[in-house]
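Please look through the sequence and the model shown here. The report that follows takes up the strands, the cores, the aromatic rings and some particular points of the backbone.

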Amino acid sequence: MSRVRGLPELKFAWPVGAPAIEVLGREWLVTNGLGGYASSTLAGVNARRYHGLFIPTLPERGRTVMLSRLVETARVEGQTYRLEGEVRADGTLMGDTSLLHSFRLDGLIPEWEYVLGATRLRRRLVLVHGENTLFIEWAHLSGPPVKLRLRPFPVFRVHEHDFPHGYCQPKVILQGERIEMLAEKDAPALKLRLYADGTVPFVALPEISSPQLYRTERARGMPHIETQASPGYFECTVRPGSRLSLGATVDDWSRLDRDPAMSFDMEREREWRLLERAPAAARTGTAARLVLAGDQFIVDPMRPRDDAWARAIGEDARSVIAGYPWFTDWGRDTMISLEGLTVCSGRFREAAAILRTFRHHVKDGLLPNLFPEGEADGLYHTADATLWLFHAVDRYVTASGDMELLREFYPTFEDIVRKHEQGTRHNIRIDPKDGLLTQGEEGYQLTWMDAKVDGWVVTPRRGKAVELNALWFNAMRLMAEWAALQGLDATPYAQAAQRAQESFNQRFWNPEERCLYDVVDGEGGGNDVAVRPNQIFALSLKHPVLNPDRWPDVLHKVETELLTPVGLRSLASDHDEYKATYDGDLRARDAAYHQGTVWSWLIGHYVDAALRVQPDRAHLRDVMDGLETHLRQAGVGQVSEIFDATPPFRPRGCIAQAWGVAEALRVFLRTA
């Protein structure tokens, strides 16, 4: 799996052309460290509204599909071939997938190799890290010359928005081999430049596409037909041993005043340095692949206030995209992912920057749940993200020894505890009767099981949720430790922890099922007997709230009812609300989101709990085989957000999820 200087490779090759099922069902992803990305199927057939070759983050708009696709036609010895493809509204697949001989990820750089008669042609693509700039290169590997025509289709659409009526027709300015397209006053121009031997002017010959059908959007019950317009094309002959490149940017023209090959070399060097910084065990094989996958989530959030604040204190603003293609940065996901994405890969500076960025946004004792696309202010409807902040800081400080950051954060943590004891938004508060954390407000989904559609909160879990109280106890124990380290009074935190632990073990134990209730003092005053994975946190966190004599029973219940090869089910199969598949329209999918659907990130805390009960690392490494195999499936080189609850555990949701990658890497290293 290793290549030059340790860069991992994932390769798919087909001896006689590419079966459509192989290249239409897998997707690739390239990111730029600013939240922008490029993504499509291996076949180059866009199947989502989120697919495109150039989707940069724009101020006050968020991620915007600037360049949806290039229609690439090649003529060799009188025969015409189409490299990529499309599905038209009537379901007809245009393009020949059998031309694709192989696909590989060289590190994070995708490469396609085509066989066009007697000619072999390679395409590769890179987004310049830290810039909104794209380069695509076609290299003639062998055989007769090829005349290549490249027709761009710009759309200027925010990636999550529905399709406009009609199609985008930008104003076009031609400057020889350069073309500038401007569609809206509040959006920057899309600039394209061709790099070829000799002068190759842009041919201004507009074309309106047939309506495009996005298969995945149709399956999700979403709008799925889009018509696009192209202002013209480039065309030139590529001869054996030569290369043709196309650059695109929404920054100024100077971004394209460089040799495109240098950008590929710089990206390879950047990736090699990422692996060089990682622990030795994470520099090769699957762990190295996960280190690189994790890099795709760490971003500059591109919020002016964050950047201004960071510059003022001489730091960097950093955040974590929760998942591609549609998530932004979420507080909960970031804190859960922090150890795997940064600490496990030796990226301590980024870890500190992420923590400081989110601390800057703490309000009313709460961490933001998420930042909406293109907006500067977060939303605070979460009861658990703030508690995961304690966990994340502990994992970072333990690994780095950065006591300065701990001292800096300690007053914030004191205020968070006060706010929770007094009560804060959404009825998040400590119940003075038993010292347990309760929460809930009509119309809000405050735990990580947060599906909501058309005002329907699918799993409200109002009351005292099991994982919230495991996290609260862990936070109080950490506060006691941190107070003692600084010579401060640890007594209040130690007492709060003791009271919470006593109440927890009395209130949450379900003697009939020999496991934990999911929620106590729920709506109507009852206890929720649903067998869910949330109970695993009672023995997986640094400070387990559950009494040790009950660990084996809880672990056994989770293993027998919830464990799969790719994570933990969100609900046991004998429950009335259990859903075996995550499919259908938005309402059907949200109804299944936490009602059986498997979540990849939960494998991490299952492994932590299992190691605490029976430290059999070899067995637990075998448990990880399913996720290792999965790296070659949906989002190539990435870990999907969720899976169906039954075999074959089909990947669903986002093709790349931060906490899935982070937890997989973390426990791969723990079980090495």
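## Strand β14 and its partners

Val65 stands opposite Arg157 in β14, and this position belongs to the antiparallel pairing of strand β6 (residues 62–76) with β14, which runs over ten bridges. Strands and helices are DSSP runs, numbered from the N terminus, with at least two residues (E) for a strand and at least four (H or I) for a helix, and two strands are said to pair if DSSP finds at least two bridges between them. This is a predicted model, in which local features need pLDDT of at least 70 and side-chain atom pairs count only at pLDDT 80 or more, while totals for chains, interfaces and linings use all residues. Residues are numbered from 1 along each chain as its sequence is written, and side-chain values use heavy atoms, with hydrogens and water left out.

β14 also pairs in the antiparallel sense with strand β22 (residues 234–238), over five bridges, and here Leu148 stands opposite Cys236 in β22. Strand β14 itself (residues 146–158) is mostly covered, since eleven of its 13 residues are buried; buried means under 20% relative accessible area, exposed means over 50%, and partly exposed lies in between, for a 1.4 Å probe and protein chains only.

## An open sheet of nine strands

Another part of the strand arrangement is an open sheet of nine strands with antiparallel pairing, in the order β1-β10-β11-β12-β13-β23-β17-β16-β15. Its edge strands are β1 (9–13) and β15 (171–175), each of which pairs on one side only. Neighbouring strands of this sheet are turned by 15 degrees against each other on average, direction ignored; axes are lines fitted to C-alpha atoms, for helices over the stretch in contact, and angles run from 0 to 180 degrees between N-to-C directions.

Within the sheet, strand β11 (residues 109–116) and strand β12 (residues 119–127) pair in the antiparallel sense over six bridges, and Leu116 has Thr119 in β12 as its bridge partner. Helix α3 (residues 260–277) packs on the sheet, where it touches β10 (100–106), β11, β12, β13 (133–142), β17 (190–195) and β23 (243–249), and its direction makes about 65 degrees with that of β12. Contact here means heavy atoms within 4.5 Å.

## Nonpolar cores and a buried loop residue

A nonpolar core is a set of buried Ala, Val, Leu, Ile, Met, Phe, Trp, Tyr and Cys residues joined through side-chain atoms within 4.5 Å. The largest such core has 146 residues, of which Leu355, Val393 and Tyr606 touch the most other members. Helix α10 (residues 466–485) gives the most to this core, with 13 residues. When residues up to four places away in sequence are not counted, Val393 touches Leu355, Leu405, Leu406, Phe409, Phe413 and Trp482. A second, separate core of 56 residues includes Val23, Leu99, Leu125 and Leu213.

Leu83 lies in the loop between β7 (79–82) and β8 (86–87), and this residue is buried, with a relative accessible area of 4%. Apart from residues up to four places away in sequence, Leu83 touches Ala43, Glu72, Ala74, Tyr114, Leu116, Leu121, Arg123 and Trp138.

## Aromatic rings and charges

Rings of Phe, Tyr and Trp (its six-membered ring) pair if their centres lie within 6.5 Å, and planes under 30 degrees apart count as stacked, those over 60 as edge-to-face and the rest as tilted. By this rule the count comes to 28 aromatic pairs. Phe327 and Trp330 form an edge-to-face pair, 5.5 Å centre to centre with 85 degrees between the planes, and Phe327 and Trp330 are buried. One aromatic cluster is formed by Trp388, Trp448, Phe537, Tyr582, Tyr593, Trp599, Trp601 and Trp659.

A charge sits over a ring if NZ of Lys or CZ of Arg is within 6 Å of the ring centre and within 35 degrees of the ring normal. The charged end of Arg123 sits over the ring of Trp112, 4.7 Å from its centre, and Lys452 lies over the face of Tyr444, at 5.8 Å from the ring centre.

## Particular points of the backbone

The peptide bond from Tyr324 to Pro325 is cis, with omega near 15 degrees, and Pro325 is found in the loop between β26 (323–324) and α6 (331–341). A cis peptide bond also joins Pro647 and Pro648, with omega about 10 degrees.

Asn427 has a positive phi of about 60 degrees although it is not a glycine, and at 37% relative accessibility Asn427 counts as partly exposed.
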